[in-house]
Amino acid sequence: MQNTCYLDSYALTLREEMSSYRSESRVPIVKKPIMINLLPERFFKQESIDSAQEAPPRALQYVKEERPAQPYYSLLIRLLEPSDAYSMVVRNDRTDVLRISLINMSIYEIYLFALGLPAEFPTNQVLVLGEERKHFISDDPFGVLPSYAYELAVPAKTEREEYRQRILNDMNKHFQLEVRVEKLSIVKGSRKVLTISGESVELIWDEQLMMIVKSNKVIPS
C-alpha cells in the first residue's frame, strides 16, 4: 500500500465486541425526535453480487486493504490524497456482519453521523471548547479540512443506537474529545420596550439545538 494514509485500527473478538457495549463509558445523547436521521434505503442494503461489483472509491480500496482478519473491528484512516465522499451501511446475514463505512469525511461529519444529525446541520450551531475551531469546522466555504475514512464491523443484528454509540466512543477516544448535543438558550434578538423609568432593551431568548465539542487534552503545566 502506498503512503496515502495514516492508520489506526481496533480489532475485537465477538465476546470483546459485545462486552465493549457494556463496559465503555456511555456518552449521553439527547433523544428528541428532531435528532432522528434515518438512512435512506439506498444507503442500507443487503450485500449482493451487483453491489460487490461496483467500482468503489479509491479511499474505500485503502480501507479494504487494511481490514483485519477478525470479523468485528473498527478502523480509522487519515487520508492524504483527495477521494470521493462515500457512506454506506451493509448488512450480510450470512456472515453475521453489519459494516458501516464513512469515507472521505471530516471529523465533524463523522460526528454528525454518530449523533444522528442531518448532513446539513448548520456549522454556526457547533460550539468548540478548549480547542481551535478551525481544527473541526471550516467557516471558509473554500477551506479544506483533514479527511478520514472510518469503518466499523459489528454483528448483523446490532441496533442503530448501539453502533452509533460505538462510533461516538471511538472518535472521542482517538481525538480526546467529548462531543454531545444539547438544547441551549441563546439570544435571538432584542426589542425596545417602554418602562416607567424610560426606554430599555429586552432580549429575545430561544432554545437551539447545539453540537458541543469539548477537548479533553491535558495541557502541560
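Residues are numbered from 1 along each chain as its sequence is written. In this predicted model, local features need pLDDT of at least 70, side-chain atom pairs count only at pLDDT 80 or more, totals for chains, interfaces and linings use all residues, and side-chain values use heavy atoms, with hydrogens and water left out.

Trainee: Which residues of helix α3 are buried?

Mentor: Helices here are DSSP runs of H or I, at least four residues, and strands are runs of E, at least two, numbered from the N terminus. Buried means under 20% relative accessible area, exposed over 50%, partly exposed in between, with a 1.4 Å probe and protein chains only. Helix α3 spans residues 58–66, and its buried residues are Ala59, Leu60, Tyr62 and Val63.

Trainee: Why do the buried residues of α3 line one face of the helix?

Mentor: An α-helix has 3.6 residues a turn, so residues three or four places apart point the same way. The arc is taken from the directions from the helix axis to the C-beta atoms. Seen down the axis of α3, the buried residues line one face because they fall within an arc of 150 degrees.

Trainee: Which exposed residues does the face of α3 turned away from its buried side carry?

Mentor: Look opposite the buried side of α3. The exposed residues there are Arg58 and Glu65.

Trainee: How many bridges join strand β8 to strand β9?

Mentor: Two strands pair if DSSP finds at least two bridges between them. A hairpin joins β8 to β9 through 2 residues. The strands run antiparallel, and the bridges joining them number 18.
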